[in-house]
Amino acid sequence: MEKYDVAIIGAGMSGLAAGIRLAHFGKKVCIFERHYAPGGLNSFYAIRGRKFDVGLHAMTNFVPAEVKKAPLPRILRQLRISREDLNLSEQKSSRTAFPGIDLRFSNDFELLRSEVERVFPKEIDRFNALVRAIESYDDTILDAPYESAREVVAGHLKDPVLVDMIFCPLMYYGSATEDDMDFSQFVVMFKSIFLEGFARPLEGIRNIIQLLLKRYREVGGIRKMKTGVAKIVSDGKRAIRLVLDSGDEVKAESVLSSAGVAETFRMCQPGLEAEPLKRAGRLGFCETINIFEEQPEEFGWGEDTIVFFNDSERFEFRESKDLVDLRSGVICIPNNFDYEEGQLPEGIVRLTSLANYDQWTSYSPEDYIVKKNEWRTRIWDSAKRFMPETEISEEHNALERDMFTPKTIERYTWHANGAIYGAPQKLKDGRTPLENLFICGTDQGFLGIIGSMLSGITIANTHLLR
């Protein structure tokens, strides 16, 4: 029976980052991944020779090279990865679009501050006070109790529209809770999106995954793809062995799982039924990816990098009542980053909306395809209301189209209910009822590409390198 110091479940960003950190300090580490491709929720695939990113709209937490005290440079130091190798290019500018109101923002926070003063002049002093509170908040504390972000922000801002316009990007990029967030998570997302910013490698997510894999190999890490973990067998206090999908068994002194709380607890034999942690999340998304021969600027969409939109009087962030909730969403145009070297050869438009897992999984395979084709066009028609008018049609002009649903996410990542952001309640310190089983990744609570890597590093440093 093979034996390891640490067995890591999942070759996503958090698992790879944790593996690099642990192997660098001499731990014998093996990552077990059920899928054939690494990256987890942030991966890529190919259709007829074209590569499609999954997950990555933008990498948050971008800061200039001279800034040293921020998540991005801290992660690069811990993983021994060169910033230059990331080949990051900044966004041009993005915006939150509500009926009759736009708030534009970029990697220069003063743009957002000036926009708030322009659109909500009575709120600017209160907004600045909120920003000071966010800047002074210590979001590295792993045992901070839950605090409603809605309640905290309402104590600062009085205009509900401004509140909704701030929450819209943060929720779409990192909330597993309907209509609210833990304030610590709100702070993390506010800093990563507004105070720091968006960037993207020209090559997309592939570049980041390849860097992590290269570094993991260099430090001696072991990776077993298409090798899922079926069971975590314990004696009630410690995990004593893992049973793989093949039936083979391995032993490890410690186990680090990025599979999610509910998913990990279900693997445990005997089962872990601690409430409310066994409850999986319900917030899922549909996303369409459209490839065009033209660059987006050629059909008038060359200014916005990412648009977070909402057409209702109040913004609601909850599981859709229909297959897709067309009232709000995200428009991402990867061409509209300020690439220093080259440009993407084709135009790409990605559209994301809230969805309903139960309805998407209720159809036969044939009807499922029909519904995807129907809703892909409806999502396009809904989103383009918030962009400059164009004659470009998703149906007639796209060279290639694809779409994923919560069913797709569950199929390829095994996340229950296809919930991209996992369970509403996070295990911030990574601890489980088993003293040598820990959680990293989505259900630890640090989200996004940088957040996921930080999660793996933090849990590895806190529990497995001391």
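Start by selecting the residues around the second largest cavity: by class, two are nonpolar, two polar and two charged. (Ala, Val, Leu, Ile, Met, Phe, Trp, Tyr, Cys and Pro count as nonpolar, Asp, Glu, Lys and Arg as charged, and the others, Gly among them, as polar.) Their names are N87, S89, L202, Y339, E340 and E341. The space inside comes to about 30 Å³.

Before moving on, note that this is a predicted model, where local features need pLDDT of at least 70, side-chain atom pairs count only at pLDDT 80 or more, and totals for chains, interfaces and linings use all residues. Residues are numbered from 1 along each chain as its sequence is written, and side-chain values use heavy atoms, with hydrogens and water left out.

What is a cavity here? On a 1 Å grid over the protein atoms alone, it is a set of points where a 1.4 Å probe fits but cannot get out, and lining residues have an atom within 4 Å of a point. Grid points are joined across faces, edges and corners, and the volume is the space filled by probe spheres set on the points.

Next, select M59, L72, I75, L76, L79, I81, L86, I208, L211, L212, I450 and M453, which line the largest cavity. Its volume is about 70 Å³. Which classes do you find in this lining? There are twelve nonpolar residues, no polar and no charged ones.

Now pick helix 2 (71–79), which gives the most to that lining, with four residues. (Helices are DSSP runs of H or I, at least four residues, and strands are runs of E, at least two, numbered from the N terminus.) Its buried residues are P71, L72, P73, I75, L76 and L79, where buried means under 20% relative accessible area with a 1.4 Å probe, protein chains only. Helix 9 (205–218) and helix 15 (448–464) are among the elements that cover them, in contact, meaning heavy atoms within 4.5 Å.

Last stop: the open sheet of seven strands, in the order 7-6-15-16-17-14-18, with mixed pairing. Strands pair if DSSP finds at least two bridges between them. At the edges are strand 7 (101–105) and strand 18 (400–404), each pairing on one side only. Show strand 16 (328–332) beside strand 17 (347–355): they run antiparallel, joined by three bridges. One to look for links I331 to its partner L351 in strand 17.

Notes: On a 1 Å grid over the protein atoms alone, a cavity is a set of points where a 1.4 Å probe fits but cannot get out, and a pocket is an open set with protein on both sides within 12 Å along at least five of seven lines; lining residues have an atom within 4 Å of a point. Buried means under 20% relative accessible area, exposed over 50%, partly exposed in between (1.4 Å probe, protein chains only).
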